[in-house]
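This briefing covers charged pairs, a surface patch and a helix packing. Please look at the sequence and structure below before reading on.

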Amino acid sequence: VNSRLSVTSAQPRPQRPALKKSGRPNPAAHLTPEQIEQIGLELDAIRKEVMDSRGERDAAYIRRVIATQRYLEMGSRALLLFSNVKVRGIRPAWWLGTAGLGLSKILENMEIGHNVMHGQWDWMRDPKIHSTAWEWDNASPSSQWKHSHNEIHHTFTNVLGRDNDLGYGILRVDEDQKWSLFYLFQPIWHVGNALMFEYSIAAYDLELGGYLAKRKRMSPEEKAAWKAEAAKTVAKIRQQATKDYLVHPALSLATGSARTTLTANVVANLMRNVWTNTVIICGHFPTGIATFEKTSIDGETRGEWYLRQMLGSGNISGSKAMHVMTGNLSHQIEHHCYPDMPSNRYAEVAPKIRGLMERNDLPYVTGPLYKQVASVYAKVVRLSLPNKAPGRRRRDIIKLAATRAMRTRTLGRRY
């Protein structure tokens with residue numbers, strides 16, 4: 001599920017410098033190598049206690065969530081067959097059906113699909129709820145998502161130049177990321193990405209940007225392999241579009257509700273896209289969350305891996321219902337420490353991890369949803385501009401970048 005969970009350390013590395021190369025403070029500089037490895041041992045013990053206690057209570061939880069999601073989806077789709085029927089000037093079936101369908105899609109993607117594909121429920125040996133068999137209600141094929149998310153993102157969490165989730169290649173979300181004129185427009189990219197999130201993730205998992213940048217240098221075999229993956233993505237998008245935008249509206253023809261059923265599916269998918277994007281950006285982008293240089297993970301020990309997951313993630317505080325609708329990614333710190341732990345157990349281990357971090361004077365980044373979202377959006381706007389530089393005005397840097405962009409016909413040059 002996550003290759004770096006097997007990292008062990010016999011030789012702790014030297015103590016970390018107080019400042020990063022950018023001059024920003026290192027939040028773990030005060031810890032000795034021995035203290036870091038002790039943190040790792042304590043986190044291992046927390047993990048073992050929970051993983052050894054998995055049982056029927058956990059299995060009943062995920063089966064109950066799956067049943068709830070399926071009944072909610074079926075009921076909502078049934079209601080939408082009558083979505084054009086008006087009662088006192090409103091269409092109650094449209095409103096209820098759309099809300100229910102949107103919620104069911106969120107539940108399937110977040111608490112079920114994401115966590116099943118992490119292998120959180122593989123221990124049950126249920127072939128219907130297994131990471132190798134689950135295909136989710138999303139444009140991205142599960143095999144591609146598991147590669148980009150489980151293998152890349154969870155391995156290189158918040159490592160600049162290695163973790164592509166850090167801005168998805170279209171956003172600058174940290175001062176240590178180099179600026180280019182392209183990022184000047186990132187508030188627009190960000191909103192567009194949220195609205196079209198399932199398709200953005202499909203393109204991201206396919207590594208479409210990398211292919212377009214490198215295709216002229218790729219061998220015929222590499223191109224063929226990429227095109228085979230692209231065919232899988234196109235097939236999955238076609239399957240999703242057929243279900244939501246053709247079959248379901250067609251079933252509503254008899255009641256004259258085809259058009260309203262179509263709009264309901266569009267709105268439900270927008271609900272899911274915006275919500276999942278909102279939850280995910282709050283996991284790694286808010287103020288106070290650390291990023292790491294490529295060289296910082298060379299020879300990384302198990303304790304250091306845990307430390308990076310904790311410092312590179314942030315939580316969302318809220319109700320139990322909110323935690324379920326986020327897929328328990330509101331416990332992002334706990335999820336990154338234990339990506340294959342059943343999601344219903346994150347709330348149980350959260351106080352222990354928070355206490356461990358506070359005892360070691362490490363920031364446990366958390367806050368209500370509105371605060372975390374506001375922090376991200378403010379950062380997206382602020383970092384659309386170049387960093388302040390002694391003796392150089394930002395507008396002069398932007399003007400120079402614009403002049404060169406006109407000459408080179410590209411926005412990608414970094415300054």
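In this predicted model, Glu-300 and Arg-308 form a salt bridge, with the closest N and O atoms 2.8 Å apart. Glu-300 has a relative accessible area of 7% and so counts as buried. Arg-308 is buried too, because its relative accessibility is 2% and the cut-off for buried is under 20%. A search of the whole structure finds 20 salt bridges.

**Salt bridges between distant parts of the chain**

- Arg-47 forms a salt bridge with Asp-340, and their closest N and O atoms are 2.8 Å apart.
- This pair links distant parts of the chain, 293 residues apart: Arg-47 lies in helix α1 (residues 33-52), and Asp-340 lies in the loop between α12 (332-337) and α13 (346-359).
- Arg-47 is buried, with a relative accessible area of 17%, and Asp-340 counts as buried at 13%.
- Asp-58 and Arg-345 meet through their side chains in a salt bridge, at 3.0 Å from N to O.
- Here too distant parts of the chain are linked, 287 residues apart, with Asp-58 in helix α2 (residues 56-80) and Arg-345 in the loop between α12 and α13.
- Asp-58 is buried at a relative accessible area of 1%, and Arg-345 counts as buried at 3%.

**A network of salt bridges**

- Salt bridges link Glu-73, Arg-77, Lys-105, Asp-137, Lys-243 and Asp-244 in a network.

**Nonpolar surface patch**

- A nonpolar patch on the surface is formed by Val-191, Leu-195, Met-196, Leu-262, Val-266, Leu-270, Val-274 and Tyr-377, which together have about 590 Å² of accessible area.
- Two or more patch residues come from each of the elements α5 (186-195) and α9 (258-284).
- With four residues, α9 gives the most to the patch.
- Val-274, a residue of helix α9, is partly exposed because its relative accessible area is 33%, between the 20% limit for buried and the 50% limit for exposed.

**Packing of α5 and α14**

- α5 packs with helix α14 (residues 369-382) at an angle of about 140 degrees, and their axes are 8 Å apart.

How values were computed. Residues numbered from 1 in each chain as written. Predicted model: local features only at pLDDT ≥ 70, side-chain atom pairs only at ≥ 80, totals over all residues. Heavy atoms only, no water. Patch = residues over 30% accessible without salt bridge, like charges linked within 9 Å, V, L, I, M, F, W, Y side chains within 5 Å. Areas by Shrake-Rupley, 256 points an atom, 1.4 Å probe, with all protein chains shown as cover. Salt bridge = Lys/Arg side-chain N within 4 Å of Asp/Glu carboxyl O. Buried < 20%, exposed > 50% of the residue type's maximum accessible area, 1.4 Å probe, protein only. Axes fitted to C-alpha atoms, helices over the stretch in contact; angles between N-to-C directions.
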